Amino acid sequence: MFTPDRIAIEKLDGALVAERRAPLDSFAGHQMNTPWDALHRAYFNGEALWTYLTTPFVLAMDGVRLHETESWQEGGETWRVLRAEFPSTVATHSAVQDFFFGEDLMLRRHDYQVNIAGGFAAAQLISDYSEANGLRLPSRRLAYTRGPDRRPILDMLMVSIDISETSFI
C-alpha cells in the first residue's frame, strides 16, 4: 500500500507485514549505491509506477507547471520536450522532469533526478506501445543513468520495466 505519507507491505488477506510512516524521511543521506530494505523498494516502486501509469494525466493536475523547452534530436527524429515542475504535494522522482514526445506525440523518453538516491540524473527510454480499452500505453521502460551530455549511459541500466496484459475496469 503506497501513499506519500505511508508505505506498507500487506498480505493478500490485508494482514500487515511491515509499515513505515513518513517513508521519504528514511532516504535521508542515501546515494546511488546505498542499500535499500523492502520498505525502501516498496516506496520507490509506488512513487515510480504511480508517475509512469498516470502520465500524461499527472501533467494536468492542479499545481503542475508546464512549458516547452528546446527540442531534442534522436536518430532521424525531432522530439518535443515538455518540462513539468511538480508541487511538493506530488510524490514523484523530482520537482522538475522532462518528457520527450515523438513526431506522433507518443512519449519516447522521461528524464528526472532520482532524489531519494542522492539526486543522480536518469533518462528513461520508453517504447513498445500497446492498447488497453482504447488508450495507448507504453509497455517497456528502460531507465539509465544520464551523462552530462543529457544522453543515457547505455551500459548503466538501473531499472527495466515490462508491463503486459493491461486493461481498465
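Mentor: Let's start with a term: a residue is buried when its relative accessible area is under 20%. Keep in mind as we go that this is a predicted model.

Trainee: Happy to! What share of the 169 residues in the protein do buried residues make up?

Mentor: Buried residues account for 38% of the 169. As for the surface, the protein exposes about 9,900 Å², and 54% of that is supplied by carbon and sulfur atoms.

Trainee: What does the radius of gyration of the protein say when set beside that of a compact globule?

Mentor: The idea is to compare the model with what its chain length would give. A compact globule of 169 residues would have a radius of gyration near 15 Å, and the protein has 17 Å, which agrees. Along the principal axes, the C-alpha atoms fill a box of roughly 50 × 40 × 35 Å.

Trainee: Among contacts between residues at least 6 apart in sequence, how many join residues at least 24 apart?

Mentor: That share is 32% in this protein.

Trainee: Now the inside. Which residues have the most contacts within the largest nonpolar core?

Mentor: A core of this kind is a set of buried nonpolar residues joined through their side chains. The largest one has 16 residues, and Tyr112 and Val114 have the most contacts inside it. Two or more residues each come from α1 (38-54), β7 (107-114) and β8 (120-132). Helix α1 gives the largest share, five residues. Apart from this core lies another, of ten residues, including Val58, Leu59, Val64 and Phe99.

Trainee: What is Tyr112 in contact with, leaving aside neighbours within four places in sequence?

Mentor: Among its partners are Tyr52, His93, Val96, Phe120, Ala143 and Arg146.

Trainee: And Trp50: where is that residue found?

Mentor: Trp50 sits in helix α1. With a relative accessibility of 32%, Trp50 counts as partly exposed, because that class lies between the 20% and 50% cut-offs. Beyond its neighbours within four places, Trp50 touches Phe2, Asn45, Val58, Met61, Val90 and Ala91. Met61 is eleven residues away along the chain, and the two C-alpha atoms are separated by 13 Å.

Trainee: One last point: how far apart are the mean positions of the positive and negative charges?

Mentor: For the 16 positive and 23 negative charges, the mean positions are 2 Å apart.

Key
Residues numbered from 1 in each chain as written. Predicted model: local features only at pLDDT ≥ 70, side-chain atom pairs only at ≥ 80, totals over all residues. Heavy atoms only, no water. Rg over C-alpha atoms; globule rule 2.2 N^0.38 Å. Buried < 20%, exposed > 50% of the residue type's maximum accessible area, 1.4 Å probe, protein only. Contact = heavy atoms within 4.5 Å. Areas by Shrake-Rupley, 256 points an atom, 1.4 Å probe, with all protein chains shown as cover. Lys, Arg positive; Asp, Glu negative; His and termini not counted. Charge placed at Lys NZ, Arg CZ, Asp CG, Glu CD. Core = buried A, V, L, I, M, F, W, Y, C linked by side-chain atoms within 4.5 Å. Helix = DSSP H or I, 4+ residues; strand = E, 2+ residues; numbered from the N terminus.
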